[in-house]
Structures are given as C-alpha cells and as structure tokens.
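This briefing sets out selected features of the structure shown below.

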Protein chains: 2
Amino acid sequence: MNAEIISVGTELLLGHTVNTDTSAVARELSAAGIDLLYSCTVGDNPERLKIALETALSRSDLVVTTGGLGPTGDDLTKETIAAAAGKKLVMDEESLRRIEQYFKGRFLGETQKKQALLPEGCTVFPNDCGTAPGCGFTTENGKCIIMLPGPPFELTPMLQNYAMPYLMSRRNAVIVSHMVHVFGLGEGYVAEQISDLCGRSNPTAATYAKAGEMFVRVTAKAKDKTSAEKMCTPVVEELKKRLGEFIYGVDVGSMEEAVVRELAAQGKTVATAESCTGGLLAKRLTDIPGASDVFHMGCVTYANEIKTLLLGVPEEMLRQHGAVSPQTAEAMACGVRERSGADYGVGITGVAGPGGGTPEKPVGLIYLALCGADGVKVRVMKPAGRYRGRDYLRTLAASNALDMLRRSLQGLGGLERPAYSREKKGG
Amino acid sequence: MNAEIISVGTELLLGHTVNTDTSAVARELSAAGIDLLYSCTVGDNPERLKIALETALSRSDLVVTTGGLGPTGDDLTKETIAAAAGKKLVMDEESLRRIEQYFKGRFLGETQKKQALLPEGCTVFPNDCGTAPGCGFTTENGKCIIMLPGPPFELTPMLQNYAMPYLMSRRNAVIVSHMVHVFGLGEGYVAEQISDLCGRSNPTAATYAKAGEMFVRVTAKAKDKTSAEKMCTPVVEELKKRLGEFIYGVDVGSMEEAVVRELAAQGKTVATAESCTGGLLAKRLTDIPGASDVFHMGCVTYANEIKTLLLGVPEEMLRQHGAVSPQTAEAMACGVRERSGADYGVGITGVAGPGGGTPEKPVGLIYLALCGADGVKVRVMKPAGRYRGRDYLRTLAASNALDMLRRSLQGLGGLERPAYSREKKGG
C-alpha cells in the first residue's frame, strides 16, 4: 500500500512552524508497513490543496492530510477535500455535542460549530484534546483519505487511537513493530553487524541514527498479532545477542525514560551536578512524568565558587586541575551524591563551545563522572571530527551520563575505565 | 518570485528525522520576499526525485533541494538534478582540496572525493561545517536551482552565508526584514491591534505564534538596503508604540538570549531555583554562549527536603502552604538569590502534570517568583483551556520567568501584582 501525506498550513511555508506532524504520521505508517513515497506541504490555499490532492490520489492508495480543520476562515481542508472527492459535508451531531461540551459556559460561535461538518458517510475520529474532529473515508475509486488536525498535541492521540486502528481494520494483515534502542555504537558499525537481518523482507530490520543514538526497528506482517509477534521475537533476541549491553531498551520512549524506569524499579535515586550541560540532564530526567520518585536534587554549578559552595569541590583541586578535569567531575558527582543522600551522583564538566576552548582544554572536551555505592567512574568525551555545535555536544554529554547510569544500574562496566586511565596518563 | 523546496531523504519519509531543513530554508526565502508555494519530500530515489523536480520547475522560478549530497551510495541528488537539467558533473578542484584538507591524516576514499563533482558552470557554496559542497545554477529556461546538504548544522550556515547572498545578487531588489518579538499578548489580540499595518503590501507586517510567544515580521523591498531600512523603521517604531512593554526584543534569537544580553549589559547576574521546570530555565539560559558571565548557580529542588536543604525554604511553610504555593516560590527565589549572591533569584514551583493534580492544586497551576534588590514579585499561571502537555507547560513557565526578569531589568512592572493579590485572596 502506497501513501502520501499532505500538510496544509501557510505557517509551514513561512518556516515559523517545523512540520512535526509529517514525521509523526510517517512513523506510524512505516511501522504499519505502508510505503510513504511522497509528502508535501501547501499553504491555506484551496486551489493548490486541490492540485496536491489530485496528484496524490493519482499515485497513492492512501492520502493523509494534516491541518486546516480548525474554526478560522483559512481552515479549508475539509471543504476542499470533500469537494474534490465529490462528498457532501454534513453536520455530525456527536461531534457538535462534543464541541458544545468543550465550550460549556463559554460563547460558542458558528465558526466553532462548523468544525462538526464532515464528509457524508465518513468514519469520525473524535478529538480528545481539542475541538476539530478528524475523519477517514473511501473515494469511489477505492482510495482512502484521512484528515487529521494540525496541532501536534491533537494529531498524535487521534492518529494513534483512531486513525491507525481505522486503517488497520481495513486491511487483512496485522503489523507488529518493535524498536531496539542502542547507545555507544555507530550506525555504520551496527549496520555491518546485522546486515544479514536487514536483508530480509518479512520480518524487516532497519537502522536509524539520531543525536548520538541509534535504533533498529523490527517489523513483521502476518494474519494476526500473535503470529506477527512470533516472527519479531527471534530477530529481537538475535539483536540483543549481537549488540548486547549497548542496547538500552526495547520500545522505550527515550534514554531518560529507560533510566527513570530502571531507577524506580530498583528503588534508587540520582542527583545531578552539571556545569557545561547547564541543567539539560536534570531537564531530561524531569521530562519523564513521575521523575520525582527517583530525582530529588540537581545543581547547575556554572561558576567555580558555586562548585565549592554547593558541592564541596576543593578550591585547591580547581586551581590545580581546572574546572574541566576528571578530578573535578569526580568531586562534583561525589559532592552532589553526599549532599542529596541519593544513591547515585552525576557530575558533568567540559567545554561546550563555541568559545572557551584552549589547546589543553579544547572545545568538545567533556568529563562525566558517576558516583555510586560501588565507587566512581569517569568517562571522557574528546573532540572528534567537526564541531557540531553547542546543542549537539550538550545533548551527547547528557546522553553519555544517562548511559553511565543505565550501565551501572544493570551491573555493566566497560566504557569508563579506559577513558579515565588514558586521561590519568595525560594529567 | 515563486519557489519550491524539495527535501531528499528516505529517513524523512520513515518519520525518524523531523524535517527542520525545510523550515530553515522557508524562513530565509520568506524574509527575502520570495513566495514558497509548495514544499515536498521524496526518498533517496532518483525516479521520484526527477518527477518532483520536473513538477517543481513547471510551476516555480526557484527550486531548492536539501539532502542527498553526501558520500554514500544513496546520495544521488546531484547526479539526478544535473541529469534532469542537462548539466555535466565536473570535478571542482577547490572543493576537492577542501575535502582532502578535511580528511588530512585520515583515509580519503573515492566516495568522499565524488562529493566535489558539481554541475558544470555552477556557483559553488563551500561547506564550512562538513564535506559536501552545495551549489546554485540557472537552467536554460532561466529557472534557478539551489542544492544544499541535509545535516542542519551544515545547511544553515551555507544557506545564510552563501546561498541567500547568491540568490539576492541575482535580483534587482534588496529585501530587509525585522522580527519583533512579543510575549504576554495573544496572537489574535495583536493581529487586531495592528491589522492596518498587516494590510499593506510593501512594507509588509505579519504575525506568527509559537509556544506562548508571538512575533511580528516587518519586511520591505527596495532598490537598496538603505531605502528598505527606511521603509521598515516607521513600522517597527509604530509596533513599539502599540505593543510597548510586551515587546522583549527586535531581531533577537530568543527570550533567553535577550535576557542574557540584558543581564550582561547591566553587569547583573541571576540564579535559578526550579521545581516543576526541573532545570529547563537553567538549560535555556545556558543555551546562550557566554551565559557563564551572568549565570553562576541553578538549583533543581524537586523534593521538599531539598528545597529546605539548598534554599532554606522553611519546613513549616511547606507544611502550611504546600510546595506549590506563592509563598514557596518566593522563598525559593529569595533563598537561591541569597545562597548564590546573585542580583536576581528566580523560583518556580507548580504542577506540570499529567499526574499530581488535586482540586486545590490542579495540573497547570504554577507559581513564579522573582527576587531582586527591589523586592519580590510573584506571577501565577492558572490552568486555561485544554491541557497542552507537560512540555508546553514547562516551556511556558520558563518563558514567564524570563519575562519577569526582562521586565524587572527594564524597570517595567505590571503583570505580577494582580496575579499575586488574586492568589493571596484565594490562599
């Protein structure tokens, strides 16, 4: 089955909104084994939307539109698509009731009500996070059209809870997909290690890389869920065997989520002391709802005096080794662990750039320390290749800290000692 | 002049990479007064790229491609575009030299060298952050084609430093654009206030909204830069008059950048104490290179004991009013100011959700306090409309804290007192 996404919204063509809807829809289609051949974006312009729709219908079995379902005058997706598909718009009473409910006690204008107008005979997708419902229907040539709202926090739940089930119910096959999350190995290396698994057509295995992490998605198509799961299992197991301790989770949302869950499962806590990452690690840990059970205290000690004041890093050590040193990272980690009473303390200090580098302490040199009941480990990140920017380095540093924590929680060692001893020689 | 963007990359159609290149290019084109009518994405597939190019050339004067210039086998943009445009690929010696320089001391394969092959007679855009150069050229029908690399940290500088100047030099007009940044007013309200200014064709004024902030972009087209600037000035001045203290900057990168610059200009410092934002405010401040001059200390006090330990928030106060209260926010702000010796202390405490809400302390209730030499101000965010998610609330809270700081630095008052007194009555 071939699909095409049409995103509608002038704001997308002005560049002031990044189109995350397309990737959200693309992820779901791809996991469902539906081939997305094109995606395109048009402004709030009926003529151009009509052209985009006709082009899409001429080459795809499924067309998904995002945006333009709202109450304002330039929200014209439904009107345009319905007209092009030769469908009448009729008032959907249930949607109208939900909109009235949403505006209970507030003024409800006609433009708001118009959101409940939907193509005759369509399947309605309720909007659990807003007002504009979505829908799916089949054209007389048997093509499927799905319309979803633009705001990501409305689109994502509607997509997962209504649109994809609608789509799958129309097909005979069931798709099951599992994502294996890897940190600490390059995509090229992993692709080599698993090339035989990636070659197959069903189940499939495919690699992706993102901000220093990488993923292997395993997808199987079968007549029912159980059979599809049965086909995925051996591949996932084989991946675990080959990539071993570099896998931080299967079907987890993020490294921070994996770490927060593991800390909670073990009833352990972590405290953070950050210099160059400036709170990013704490921010990522607290992105996870329920982080308060495992994270009680974080310090952003940007200045040397504050490292001493909050974490007890000896002034003498800062003078002798400098703020960017394995010794300081270690003292920060142990200091915050002691002050907080947490099971683990993390310390991060380095040069994120673009400025502030020296020949001995170049931009990109970052030390990470993890202090736990079983002692301290220090990992060093050294400048490699081109400078990818402050954000990239800070993200990679926070991810390395999460990886050290995850490895320690799982009783794994390995990546730290060499980095540290190499550094020891240097110092 | 009409333009179309073609993004090339299977990873985009699999949904594992969000297409930020398109918005980066769209922003620049829009600021240059070039109308972007369509953007589309195709995989690493020569046939479909050829179709997309032909469609784009049939309706646009300018086509910008992103991605597919790299060394790997599926990087086929240059080959495909050149063939479709009837151009030979020739080795660009200067690009080859740069690539050899880049790989100095490392193995340089043929696939890497192939990146220096460019359409005959094109204008080369050097890649200052990577290996693959970009280029621009004119087809025999007078259409302009620009090719840029996919990695955002390579694309953005090439776009701004080489591609846009190349584009403007081909045109008789010069475009000048200024962005007025607003916080604390809704887009609808602002649009009403400035509808007369938005109606004009040259200079133009247009509004955009993003994560609780909004922007008005003023753009003028003229024969030279000075004349275009002269046309923008009165509009920008009029906006300042109408939106006044709600404008936090003109042509600034972000609220955090505006605040860090203002703190630096006044030689002042800030320290942060965060609960529900969990380090996001500190992270945003330290996103700005040079933040270390104005930000020395941040605390993430997620647990009550830690609020007491690090910030001296009285246990009695936490018992009486709870962690989520204007009193606690105030105590956090004053505590961190005192501990750090900073000129300003910021305290943030609230319920970001999705869980943890109660009837008295619902999800979305967040207190922000700013403690300075001139006393303390507290702002309250109350749940409004639908729950937009944890990220949105945390971002909005951090932005409100930055706004309070900015207003205090500029000697403005206004938004805090009512919110606080309203709360006082409540408590």
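Helices (H or I, at least four residues) and strands (E, at least two) are DSSP runs, numbered from the N terminus. In chain B, the loop between helix H9 (195-198) and strand S10 (204-210) contains Pro203(B). This is a predicted model, in which local features need pLDDT of at least 70 and side-chain atom pairs count only at pLDDT 80 or more, whereas totals for chains, interfaces and linings use all residues. Residues are numbered from 1 along each chain as its sequence is written, chains are lettered from A and ligands numbered from 1 in the order in which they are written, and side-chain values use heavy atoms, with hydrogens and water left out.

**Interface between chains A and B**

- Contact, meaning heavy atoms within 4.5 Å, involves 65 residues of chain B and 65 residues of chain A.
- The size of an interface is often given as the accessible area lost when the parts come together.
- About 5,500 Å² is buried between chain B and chain A, with carbon and sulfur atoms giving 59%; buried area is the accessible area (1.4 Å probe) that two parts lose on being put together, summed over both.
- Two salt bridges are counted between the chains, a salt bridge being a side-chain nitrogen of Lys or Arg within 4 Å of a carboxyl oxygen of Asp or Glu.
- One salt bridge pairs the side chains of Arg394(A) and Asp287(B), at 2.9 Å from N to O.
- The side of chain B that touches chain A comprises 31 nonpolar, 20 polar and 14 charged residues, where Ala, Val, Leu, Ile, Met, Phe, Trp, Tyr, Cys and Pro count as nonpolar, Asp, Glu, Lys and Arg as charged, and the others, Gly among them, as polar.
- Strand S14 (residues 295-301) of chain A runs antiparallel to strand S14 (residues 295-301) of chain B, and five bridges join them; two strands pair if DSSP finds at least two bridges between them.
- Within S14(B), Gly298(B) is the bridge partner of Val300(A).

**Domains of chain A**

- An automatic or database domain assignment gives domain 1 (2-171), domain 2 (175-250) and domain 3 (255-426).
- The centres of domain 1 and domain 3 of chain A, taken over C-alpha atoms, are separated by 44 Å.

**Backbone geometry**

- Most residues other than glycine have a negative phi, and most peptide bonds are trans.
- The peptide bond from Asn202(B) to Pro203(B) is cis, with omega near 5°.
- Gly353(B) and Pro354(B) are also joined by a cis peptide bond, with omega about 0°; Pro354(B) lies in the loop between strand S15 (344-350) and strand S16 (366-372) of chain B.
- Asp251(A) has a positive phi, near 55°, and is located in the loop between strand S12 (247-250) and helix H11 (255-266) of chain A.

**Salt bridges overall**

- Over all chains, the structure holds 44 salt bridges.
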